[in-house]
Amino acid sequence: MSKATGGPLSRAFNITDLRDMARRRLPRGFFEYVDRGCEDELLLHRNRDAFDGLRFCPRALIDVSARTTAATFMGQPHDMPAAIAPTAAAGLLWYDGEVAIAKAAAAANIPFSLSINSSTPLERIAKQAGGRLWFQLYVWADKDLSYQAVARARHAGFEGLIVTVDTPVHANREYNLRNGFGLPFKLSTGALMDMMRRPRWLCGVLGRYVVTTGYPKFENYPAWQRTSVTDAGRVG
């Protein structure tokens, strides 16, 4: 990714700028997958309203020489009270995006959470990025497979486990249906047309995967279920 001192990111002065850049670069299906919520998006709007309601209280003539953003949580010290949340499609938004985010988190000394639905093997994240690593698990019906995934993450050096329990049924992402997008990714006519309108992403991300390692796979699934992101075969 471009450095802050040059390249496209040097023109981004806030999160809104970054969001606009992503919207212009990514196919609509991929962008809305990470940008939007479910159904009427009420919770998304309420979360934003809650953040907008926060206010700083300025105080003048106060010694700020010892101010710090450092915080201790989950029993470990970090440079900021923040962590990178698991995002299944991160590796499809930017080539090797999950490795890049993990490296950035390590440099900032904050935790990085890897989704079990990611397209990058957890061992590669640990080897190339390091830092404080957490692993997200959707518990499978076959609990032995879940235990094996946890053991694999622990062996690779992941320190924390995030057990996702808030999706007993798949979220109703209505805009995904309109965009012809989903994971596994469905190569519908609409989705193909959407990708063709974003040649930089098509060549620089998906095309680069295809000519190097092939279509991205669910690399952290059991070996017999590491299917392509276009394959409907998933662990139950």
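Arginine 36 is partly exposed in this predicted model, at 31% relative accessibility (buried means under 20% relative accessible area, exposed over 50%, and partly exposed in between, with a 1.4 Å probe and protein chains only). Its side chain meets that of glutamate 41 in a salt bridge, at 2.9 Å from N to O (a salt bridge is a side-chain nitrogen of Lys or Arg within 4 Å of a carboxyl oxygen of Asp or Glu). Glutamate 41 is buried, because its relative accessible area is 11%. Arg36 and Glu41 also belong to a network of salt bridges with Arg28 and Glu32. The structure holds eight salt bridges.

Residues are numbered from 1 along each chain as its sequence is written. The model is predicted, so that local features need pLDDT of at least 70 and side-chain atom pairs count only at pLDDT 80 or more, while totals for chains, interfaces and linings use all residues; side-chain values use heavy atoms, with hydrogens and water left out.

Another salt bridge joins the side chains of aspartate 96 and arginine 124, at 2.5 Å from N to O. This pair links distant parts of the chain, 28 residues apart. Aspartate 96 sits in the loop between helix H4 (90-93) and helix H5 (97-108), and arginine 124 in helix H6 (residues 122-128) (helices, H or I with at least four residues, and strands, E with at least two, are DSSP runs numbered from the N terminus). Aspartate 96 counts as buried, at 19% relative accessibility. Arginine 124 is partly exposed, at 28%.

Arginine 132 forms a salt bridge with glutamate 159, and the closest N and O atoms are 3.0 Å apart. Here too the pair links distant parts of the chain, 27 residues apart. Arginine 132 is in the loop between H6 and strand E4 (133-138), whereas glutamate 159 is in the loop between helix H7 (143-156) and strand E5 (160-164). Arginine 132 is partly exposed, with a relative accessible area of 21%. Glutamate 159 is partly exposed, with 47%.

The structure holds one cavity of 30 Å³ or more. About 60 Å³ of space lies in the largest cavity. Its lining includes Phe30, Leu92, Trp201 and Tyr215. The lining divides into nine nonpolar residues, one polar and no charged. Tyrosine 215 lies in the segment after helix H10 (199-212), and is partly exposed at 37%.

Two residues other than glycine have positive phi values. Glutamate 39 has phi near 45°. It is found in the loop between helix H2 (28-35) and helix H3 (42-52). Leucine 61 has a phi of about 55°, and lies in the loop between H3 and strand E1 (71-73). Leucine 61 is exposed, with a relative accessible area of 90%.

Methods:
On a 1 Å grid over the protein atoms alone, a cavity is a set of points where a 1.4 Å probe fits but cannot get out, and a pocket is an open set with protein on both sides within 12 Å along at least five of seven lines; lining residues have an atom within 4 Å of a point. Grid points are joined across faces, edges and corners, and a volume is the space filled by probe spheres set on the points. Ala, Val, Leu, Ile, Met, Phe, Trp, Tyr, Cys and Pro count as nonpolar, Asp, Glu, Lys and Arg as charged, and the others, Gly among them, as polar.
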